[in-house]
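Have your viewer ready and your selection tool at hand. We will walk through this structure stop by stop, with something to pick at each one.

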Amino acid sequence: MSSSSSNSPPPPPPPPEDAWVGTYRRLQPRWQSANAYHEALIPISISRVNQFDAARLDVEMSAMLKEQLVKIFSLMKPGMLFQYEPELDAFLEFLIWRFSIWVDKPTPGIALMNLRYRDERASEARGKLRTGLEGPGLTVAQKIWYCIASVGGQYIWARLQSFSAFRRWGDSDQRSLLRWAWVLVQRVEGLYKAASFGNLLIFLYTGRYRTLIERALKARLVYGSPNMNRAVSFEYMNRQLVWNEFSEMLLLLLPLLNSSTLKNLFRPFSKDKDADSAGDDSACPICQNSPSIPFLALPCQHRYCYYCLRTRCAAAPSFRCSRCSEPVVAMQRYSESVGSTSSGK
């Protein structure tokens, strides 16, 4: 027993107390790389069509509200509301902003497209967006500046243009202050349109910030729900387009049709053709009134109003009599002698 125990190897020394620290430092890079692989930034492109449709729907919503509001003042003096149109538009835009963006809700058009506004500055600082849905909404400062730029900016610009056009700043002297202000307004408008066009090209390329206001405020449109598609049904719109085109086609074709020709065409199938034949022969078969200037259709010699018979013959050279369906080749002034002769025959 003593010999075997003396020949066994000695036990390993215990590890130092800070051995786990070295192991943690050695495995930490691998853990961080694996964690970064699972939480990597996956860019999600927001549909550009959805963003454009949201803007269009918001414009239509504002137009509908404006139409209903104008109906309230329909009984007042005509043209009175026209001079306050910029104030009316600003009021409607403020209402939409107050009950949507200010209370952290999307506008009606944005909600229909399953979108919402996100503060892109806070999202870029976090840097861990996997689906494109996370991220806080707009801050209070962003909401206020959005209202000032979109509502107040459009109102001030509309009033400035109308005031300058009414005062005829452009017709002033070349060196006057008003002329210089007019040129400045035109140049600012041109620069804004050029900047908007450049922003549009950038938006079509990147899919971010459809307007200059959104780009300046870093307010980006992202999806509101991952499991929701576009909430717009085009079934009603397609049905409406079909009926509109059909009605326009009827309005185009109806003036080209001859009612008397159609009546004569369906007369053999009519049930009351005997009653029509037994009707009053002295009345004009077109207007069903006593002929003011009576004329006879030849050769059948049925009595018509001059204007009724003349217009039908001019509209249709192959016009047939509305009573006997015989082709009318000429017309003759009616007189008692002609009437008695035809009755004697």
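**First stop: a buried isoleucine**

Select I96: with a relative accessibility of 15%, I96 counts as buried because the cut-off for that class is under 20%. Keep in mind as you look around that this is a predicted model. I96 sits in helix 4, which runs over residues 85–98.

Now show what surrounds this side chain. Leaving aside residues up to four places away in sequence, I96 touches S62, L65, I101, T107 and P108.

From I96, step across to I101. Which residues does I101 touch, not counting those up to four places away in sequence? They are I96, T107, Y117, L138, K143 and Y146.

Next, colour I101, I110, L115, Y117 and Y146 together. In the largest nonpolar core, which has 17 residues, these are the members that touch the most other members. To see where this core comes from, highlight helix 4, strand 1 (115–119), helix 7 (140–167) and strand 2 (219–223), each of which supplies at least two of its residues.

There is a second, separate core to visit too. Select F295, Y304, F319 and C321, which are among its 12 residues.

**Then: the largest pocket**

Rolling a probe the size of a water molecule over the atoms shows where empty space is left. The largest pocket has a volume of about 1300 Å³.

To centre your view, pick V59, E93, S150, V151 and Q154; of the 39 residues that line this pocket, these lie nearest its centre. Which elements give two or more residues to the lining? Helix 3 (48–72), helix 4, helix 7, helix 8 (177–206) and helix 9 (212–217) do. Helix 7 provides the largest share, with 10 residues.

If you colour the lining by class, you will find 21 nonpolar, 10 polar and 8 charged residues.

**Last stop: salt bridges**

- Select K66 and E85. They form a salt bridge whose closest N and O atoms are 2.6 Å apart. This pair links distant parts of the chain, with K66 in helix 3 and E85 in helix 4, 19 residues apart. E85 counts as partly exposed, at 26% relative accessibility.
- Move on to E120 and R220, where the closest N and O atoms of the salt bridge are 3.6 Å apart. Because E120 lies in helix 6 (residues 120–126) and R220 in strand 2, the pair ties together parts that are 100 residues apart in sequence. Are these two residues buried or exposed? Both E120 and R220 are buried.
- Finally, pick E189 and K193, which form a salt bridge with the closest N and O atoms 3.4 Å apart. The two are 4 residues apart in helix 8, so about one helical turn separates them. E189 counts as buried at 19% relative accessibility, whereas K193 is exposed, with a relative accessible area of 53%.

Before you close the viewer, show R118, E120, R208 and R220 together: salt bridges that share partners join these residues into one network.

Methods: Residues are numbered from 1 along each chain as its sequence is written. This is a predicted model: local features need pLDDT of at least 70, side-chain atom pairs count only at pLDDT 80 or more; totals for chains, interfaces and linings use all residues. Side-chain values use heavy atoms; hydrogens and water are left out. A nonpolar core is a set of buried Ala, Val, Leu, Ile, Met, Phe, Trp, Tyr and Cys residues joined through side-chain atoms within 4.5 Å. Buried means under 20% relative accessible area, exposed over 50%, partly exposed in between (1.4 Å probe, protein chains only). Contact means heavy atoms within 4.5 Å. On a 1 Å grid over the protein atoms alone, a cavity is a set of points where a 1.4 Å probe fits but cannot get out, and a pocket is an open set with protein on both sides within 12 Å along at least five of seven lines; lining residues have an atom within 4 Å of a point. Grid points are joined across faces, edges and corners, and a volume is the space filled by probe spheres set on the points. Ala, Val, Leu, Ile, Met, Phe, Trp, Tyr, Cys and Pro count as nonpolar, Asp, Glu, Lys and Arg as charged, and the others, Gly among them, as polar. A salt bridge is a side-chain nitrogen of Lys or Arg within 4 Å of a carboxyl oxygen of Asp or Glu.
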